[in-house]
Amino acid sequence: MQLSTLYGLVGIGGLMLLSGVHWIRDQSMALEPIGAYLVGVAPNFAAAIAICFVVLSIWASQRRHTTVESMRNRFLACAALSGFGLIGWELFQRTSRRLVFDLHDMLATLIGIGTAALIFFIVTPKTTERNDIEGQDAAR
């Protein structure tokens, strides 16, 4: 499977989690305190993963012939983009009367970035050779 497809699928999984959490929020469910807390911070967790992998899949689809080291560097850039964007948004909410700043959302973002890193290292090949995705698919 091409890395761009694999990363895209992980990104879609993050978006599905984000959508599912918002669906749960829209239901008038009585959640226990732990459930209510998790539903409150899960969007930041899911968005951190989704943003990383959606952006990474776009980059990987544009550069099919790249090294694994280069892919790792791109992941770090995508993780930084996701983390700074979500934390920046959370900090922006401190200036608003309608939006709510929550330190726990920032923590959930950082845990989501860590989870994205774990997923990245699980699904990305370990080899340092050129990652010629089309060549790998043809060899199988």
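Cys52 counts as buried, at 0% relative accessibility (buried means under 20% relative accessible area, exposed over 50%, partly exposed in between, with a 1.4 Å probe and protein chains only). The model is predicted: local features need pLDDT of at least 70, side-chain atom pairs count only at pLDDT 80 or more, and totals for chains, interfaces and linings use all residues. Residues are numbered from 1 along each chain as its sequence is written, and side-chain values use heavy atoms, leaving out hydrogens and water.

Cys78 is buried too, with a relative accessible area of 6%. How many disulfides does a search of the whole structure find? It finds 0, taking a disulfide as a pair of cysteine sulfur atoms within 2.5 Å. For Cys52, the nearest cysteine sulfur is that of Cys78, 6.6 Å away.

Both cysteines belong to a helix contact, Cys52 in α2 and Cys78 in α3. Helix α2 spans residues 33-62 and helix α3 residues 68-92. Helices (H or I, at least four residues) are DSSP runs, numbered from the N terminus. Two packed helices are described by the angle between their axes and the distance between the axes. Here the angle is about 140° and the axes lie 9 Å apart. That makes α2 oblique to α3, since angles under 35 degrees count as roughly parallel, over 145 as roughly antiparallel, 65 to 115 as roughly perpendicular and the rest as oblique. The crossing of α2 and α3 is right-handed.

Contact means heavy atoms within 4.5 Å. On the α2 side the residues include Ile51, Phe53 and Trp59; on the α3 side, Met71, Arg74 and Glu90 are among them. The contact residues divide into 15 nonpolar, 3 polar and 2 charged.

Definitions and conventions
Axes are lines fitted to C-alpha atoms, for helices over the stretch in contact, and angles run from 0 to 180 degrees between N-to-C directions. Helices (H or I, at least four residues) and strands (E, at least two) are DSSP runs, numbered from the N terminus. A crossing is left-handed if the near helix is turned anticlockwise from the far one by less than a right angle, and right-handed if clockwise. Ala, Val, Leu, Ile, Met, Phe, Trp, Tyr, Cys and Pro count as nonpolar, Asp, Glu, Lys and Arg as charged, and the others, Gly among them, as polar.
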